[in-house]
Every structure is written in structure tokens, then in C-alpha cells.
Amino acid sequence: MKKFQRKLALAAAFVILGILLPKNALADESQEIRNFPGFHGSGTTFQGPIEGSFSSDCWDDEEEDDDDDGPGSYSYERGWRYSPGGWWFQYSDGTWPSNGWKYIDGRWYRFDQGGHMQTGWFTDQNGNRFYLNPVDDGTLGSMRIGWQIIEGRAYYFNTMSDGSLGKLLVNTVTPDGYQVGEDGALK
């Protein structure tokens with residue numbers, strides 16, 4: 001009986017979440033979990049402050065002990081998921097980043113209000129421009145730094161972790177001595 005009640009409570013919770021949360025960012029068991037976004041889903045992990053990768057099963061139907069249904073008893077497999085709205089990242093507690101930058105497994109990613117990874121050009125509220133890899137090469141969506149060739153033009157994105165990492169340099173001389181114009185392109 002307790003198993004039935006627990007499953008009924010879980011179903012009710014998913015119905016409530018389905019109403020309150022963006023539908024395109026809810027996980028289901030059929031979604032493939034990837035280490036990196038994109039259809040290739042592979043890439044190299046860099047050293048740095050990496051999010052933990054904890055995952056476990058939420059219910060053990062074989063176990064009769066019902067004293068494990070307190071807070072934190074459910075966890076999800078951590079990783080990248082794809083929904084019709086795009087790629088998104090889910091933590092093991094079931095939450096996901098949204099409306100901001102997040103450092104995941106050695107790379108910076110930008111997420112929109114709905115929690116989907118952004119790609120291509122991104123301009124922040126201060127007018128700073130960044131480039132998020134739109135190519136599925138194992139680094140899809142990650143912030144690009146240094147010299148990048150975009151649509152046949154060369155741009156330089158800050159490589160210094162000084163609070164402006166990845167920012168497009170404009171109307172200045174790059175650290176290696178090249179002049180970039182008002183649009184950030186090499187002159």
C-alpha cells in the first residue's frame with residue numbers, strides 16, 4: 001500500500017510540475033543523457049571547478065523498508081538532455097540552470113530564461129558580445145575565447161579570467177598586437 005501511495009504522490013508531483021515549469025525542460029526516462037551537448041555528445045573535459053557527477057536510482061521496488069522517503073530521496077542522472085526547445089543541462093537534484101552563465105565540466109555555457117543552452121552571438125545587458133559555439137563538434141554551445149573565424153572574419157574574444165572572459169574586444173589592439181574595429185573584426 002505504501003508503494004502505491006508513494007507512486008501516486010510522485011505522479012501528482014509531476015502533474016503539478018508540468019503545470020508550473022516549462023514543459024520543454026522536463027526530463028522523461030526516454031531522453032538520452034549526454035556528457036556534452038550535441039548529437040556527437042563527446043568532447044574533452046578540462047580541469048577546473050567541475051560540477052559533481054552523482055547519480056542514483058530513486059526507488060528500489062525490491063526493498064520493503066519505507067524509511068527512505070524523506071527530503072533528497074530522489075535523484076536524476078546528471079547530464080545534457082535534448083527537448084524540442086533545444087539542449088539543456090539537468091543536475092542530479094532535478095534542477096537546471098536558466099537565465100545566466102554556468103560553468104559545467106570545464107566550459108562556460110549561457111542558458112536562456114527557459115533553461116535552454118544558447119548558441120551563436122550573445123549580447124549581455126551591458127552590450128558586451130560573446131560567441132557561443134554553434135557547431136556540433138564536441139564543444140557545442142561553449143563560450144569561445146581567443147581568435148575565432150566567424151563567417152570568414154577574424155574576431156578576438158578575451159582570454160583573461162578577469163570578469164570579462166569571452167568578451168569580444170572592439171576598437172582596440174588585441175594582446176598579441178592586432179587592431180580590431182568597432183565591430184570587433186580584424187582590420
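## Exercises: rings, salt bridges and burial

The structure holds 16 aromatic pairs. Rings of Phe, Tyr and Trp (its six-membered ring) pair if their centres lie within 6.5 Å; planes under 30 degrees apart count as stacked, over 60 as edge-to-face and the rest as tilted. This is a predicted model: local features need pLDDT of at least 70, side-chain atom pairs count only at pLDDT 80 or more, and totals for chains, interfaces and linings use all residues. Residues are numbered from 1 along each chain as its sequence is written, and side-chain values use heavy atoms, with hydrogens and water left out.

**Exercise 1. Classify the ring pair Trp101 and Phe122.**

Step 1. A pair of aromatic rings is described by the distance of the centres and the angle of the planes.
Step 2. The centres of Trp101 and Phe122 are 5.8 Å apart and the planes stand at 85°, so the pair is edge-to-face.
Step 3. Trp101 is in strand S3 (residues 100-104) and Phe122 in strand S5 (residues 120-123), 21 residues apart, so distant parts of the chain are linked. Helices (H or I, at least four residues) and strands (E, at least two) are DSSP runs, numbered from the N terminus.
Step 4. Check burial. Buried means under 20% relative accessible area, exposed over 50%, partly exposed in between (1.4 Å probe, protein chains only). Trp101, at 28%, is partly exposed. Phe122, at 11%, is buried.

**Exercise 2. Describe the surroundings of Pro97.**

Step 1. Pro97 is in the loop between strand S2 (86-90) and S3. Its relative accessibility is 10%, so Pro97 counts as buried.
Step 2. List contacts (heavy atoms within 4.5 Å). Leaving out residues up to four places away in sequence, Pro97 touches Phe89, Tyr91, Lys102, Phe111 and Gly115.
Step 3. Compare sequence and space. Pro97 and Asp112 are 15 residues apart in sequence, with 8.7 Å from C-alpha to C-alpha.

**Exercise 3. How many salt bridges are there, and which residues form them?**

Step 1. Apply the rule: a side-chain nitrogen of Lys or Arg within 4 Å of a carboxyl oxygen of Asp or Glu. The count is two.
Step 2. Arg78 pairs with Asp105, the closest N and O atoms being 3.1 Å apart. Arg78 is in the loop between helix H1 (2-20) and strand S1 (79-83); Asp105 is in the loop between S3 and strand S4 (107-111), 27 residues apart. Arg78 and Asp105 are buried.
Step 3. Arg153 meets Asp183 at 3.0 Å, N to O. Arg153 lies in strand S8 (residues 153-157) and Asp183 in the segment after S10, so the bridge ties together parts 30 residues apart in sequence. Arg153 is partly exposed at 39%. Asp183 is partly exposed at 36%.

**Exercise 4. Summarise the fold of the protein.**

Step 1. Of the 187 residues, 38% are buried.
Step 2. Among contacts between residues at least 6 apart in sequence, 44% join residues at least 24 apart.
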